[in-house]
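Me: I'd like to learn how to read a protein model feature by feature. Could you walk me through one?

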Amino acid sequence: MGLLRRIWDWRKSMFAQMLVLTSIFLGWGLYAFVIRPLADMPVQVDVAPPLQATESEVRSVLAQFMITVRDDPSDAGDITKDSLIREVEARNPDFRFYVRVGNRAFGNGPPAFFRHFGFAALERVHRTLADPSICTQGEKIMQGKDGDGYASFRMCDELTYFEYRDLRHPVIIDRSRPMGARGKWLWAFSGNFLLAAGGVFLIFATIFSLHMWSIRRVARLARSIDPQRLDALLPEKGVASEILPLVRAVNHLIGQVDAAQRRATFFLSAAAHEMRTPLTVLRTRLELMDDGAQKDKLVGDVRRLTRLVNQLLTLMSIGNRREVTGFTDLAASAAKVIRGRALLAEQAGVTLMLDSVRDEVEIPGDATLIESAIANLVDNAISFAPPDTTVRVAIDADGRITVRDHGPGFGDIDPVALFEPFARPVSARRGYGLGLAIVAAIVRLHGGEMSARNVEDGGAEFTLTFAS
């Protein structure tokens with residue numbers, strides 16, 4: 001069923017449609033120009049006497065050999081070994097034949113008719129003509145009690161001549177031989193048509209393949225566009241005119257989406273920024289209230305809202321940046337984050353461990369943003385790690401940093417979804433699900449990659465890869 005479905009779906013391919021239409025055209029052409037003309041040819045019934053049939057076959061063999069020598073001397077072969085000639089010689093011991101092409105002569109005997117009937121004189125006269133492309137030809141048929149003979153003379157740019165004599169006894173003709181002539185007729189009718197159709201198909205297929213390569217190139221570039229960074233457009237140079245309207249429409253759509261994203265980002269940034277002042281005022285007023293459980297709860301709520309606003313502002317500011325400059329030491333950044341989170345880890349009963357293959361791993365990037373990404377991963381690991389366990393931060397020489405905890409992991413959730421804003425794999429988890437989204441935005445800004453997986457012996461492992 002899978003194969004049949006693929007074959008059925010193949011009908012949507014432009015190349016398949018071109019192939020089907022070409023097949024239909026070839027079928028119609030073969031019928032119109034080959035099969036029907038052959039069918040309309042009058043059927044000729046061979047009622048010739050056996051001796052005349054034998055002579056006709058001998059003439060055909062000698063003429064074909066003469067043409068072969070003229071067109072391709074290296075492919076002529078030995079005419080004396082032809083099966084029909086040998087059979088005729090066996091039945092007619094006095095049978096002699098002679099073939100001449102230019103200055104080359106073949107046969108089992110000297111010519112008897114070339115001078116006798118004046119063909120030699122005709123050759124000399126022809127050579128005196130002002131235009132050698134004028135053709136001269138003639139033939140002579142002889143019948144007698146001593147046997148039949150035949151001579152054929154033709155001279156254009158080159159002399160071609162053959163003769164035979166003393167053919168008395170016929171031979172049994174192999175009726176399979178005319179099939180070769182029928183094949184020649186078939187090629188004569190269909191050859192030019194098939195060559196023309198095949199040539200047109202190859203030209204069309206070549207142009208089609210070049211356009212398909214251009215389409216695939218545009219598709220690869222379209223897949224490589226980062227939805228968070230829509231400043232890159234599809235190239236219009238080198239694109240076929242038939243595809244250019246589609247490319248321009250996609251570029252127009254990219255521009256509109258980019259503008260909409262900028263408006264949305266600006267709105268969120270402005271809203272988050274405007275919320276910071278009221279929250280600060282609200283927190284200050286709450287601090288002036290009398291101590292109590294209600295005050296602590298309200299202050300905690302304001303603190304969480306303030307953190308949300310700050311995370312939104314961080315996420316928006318990262319999204320608005322197009323590139324980063326400078327270099328940073330990944331090992332030093334990770335060590336700084338671990339020192340800053342030591343108290344938090346101690347309160348959670350978790351041990352932080354840094355494992356770097358080198359003391360210095362320099363990568364291109366913004367140190368503040370990279371430290372923020374590492375800090376979010378470490379905070380996430382500490383929040384999930386059980387007491388008396390270790391959170392390991394490992395750095396290799398290729399600019400890859402891995403944060404591993406021994407918590408419950410993230411279960412069957414798609415790892416890609418973990419890095420989406422407001423994604424909270426654990427419903428009871430505190431926070432708003434922006435930490436890993438900030439990590440993803442920082443990694444994308446640096447042209448890196450991020451991944452997450454559940455470890456077999458428990459816990460989760462997050463990996464960030466930066467270009468070193």
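This is a predicted model: local features need pLDDT of at least 70, side-chain atom pairs count only at pLDDT 80 or more; totals for chains, interfaces and linings use all residues.

Me: OK, big picture first: how many helices and strands does the chain have?
Reply: Helices (H or I, at least four residues) and strands (E, at least two) are DSSP runs, numbered from the N terminus. The chain has 12 helices and 12 strands. Of its 468 residues, 35% are buried, where buried means under 20% relative accessible area, exposed over 50%, and partly exposed in between (1.4 Å probe, protein chains only).

Me: And in what order do the 5 strands of the open sheet come?
Reply: In general, strands of a sheet pair through backbone hydrogen bonds, either parallel or antiparallel. Two strands count as paired if DSSP finds at least two bridges between them. Here the order is E2-E1-E5-E4-E3, with antiparallel pairing. Strand E2 (104–107) and strand E3 (136–142) are the edges, each pairing on one side only. On average, neighbouring strands are turned by 5° against each other, direction ignored; axes are lines fitted to C-alpha atoms, for helices over the stretch in contact, and angles run from 0 to 180 degrees between N-to-C directions.

Me: Which helix packs on that sheet?
Reply: Helix H3 (residues 50–71) does, touching strand E1 (96–101), E2, E3, E4 and E5, and its direction makes about 150° with that of E5. Touching is about contact, which means heavy atoms within 4.5 Å.

Me: How many bridges join E4 to E5, and how many join E1 to E2?
Reply: There are 7 between strand E4 (residues 148–155) and strand E5 (residues 159–167), and Arg 154 stands opposite Thr 160 in E5. E1 and E2 are joined by 4 bridges, with Arg 100 partnered by Ala 105 in E2. E1 and E2 form a hairpin with 2 residues between them, and Gly 102 in the turn has a positive phi of about 65°.

Me: What about disulfides: how many does the count come to?
Reply: A disulfide is a covalent bond between the sulfur atoms of two cysteines. The rule asks for a pair of cysteine sulfur atoms within 2.5 Å, and the count comes to 1. Cys 135 and Cys 156 form it, with their sulfur atoms 1.8 Å apart. Cys 135 sits in the loop between helix H5 (119–127) and E3, Cys 156 in the loop between E4 and E5, 21 residues apart. The link is right-handed, with 120° about the S-S bond.

Me: Why does Cys 156 count as buried, and why does Cys 135 count as partly exposed?
Reply: Cys 156 counts as buried because its relative accessibility is 16%. Cys 135 counts as partly exposed because its value is 40%.

Me: Is helix H12 mostly covered or mostly open?
Reply: H12 (residues 435–445) is mostly covered, with 10 of its 11 residues buried. Among them are Gly 435, Leu 436 and Leu 445. Gly 447 follows H12, with a positive phi near 70°.

Me: Last one: which residues is Ile 338 in contact with, leaving aside its neighbours within four places in sequence?
Reply: Leu 352, Met 353, Leu 354 and Val 393. Ile 338 lies in helix H9 (residues 330–340) and counts as buried because its relative accessibility is 14%. The C-alpha atoms of Ile 338 and Leu 354 are separated by 7.7 Å.

How values were computed: Residues are numbered from 1 along each chain as its sequence is written. Side-chain values use heavy atoms; hydrogens and water are left out.
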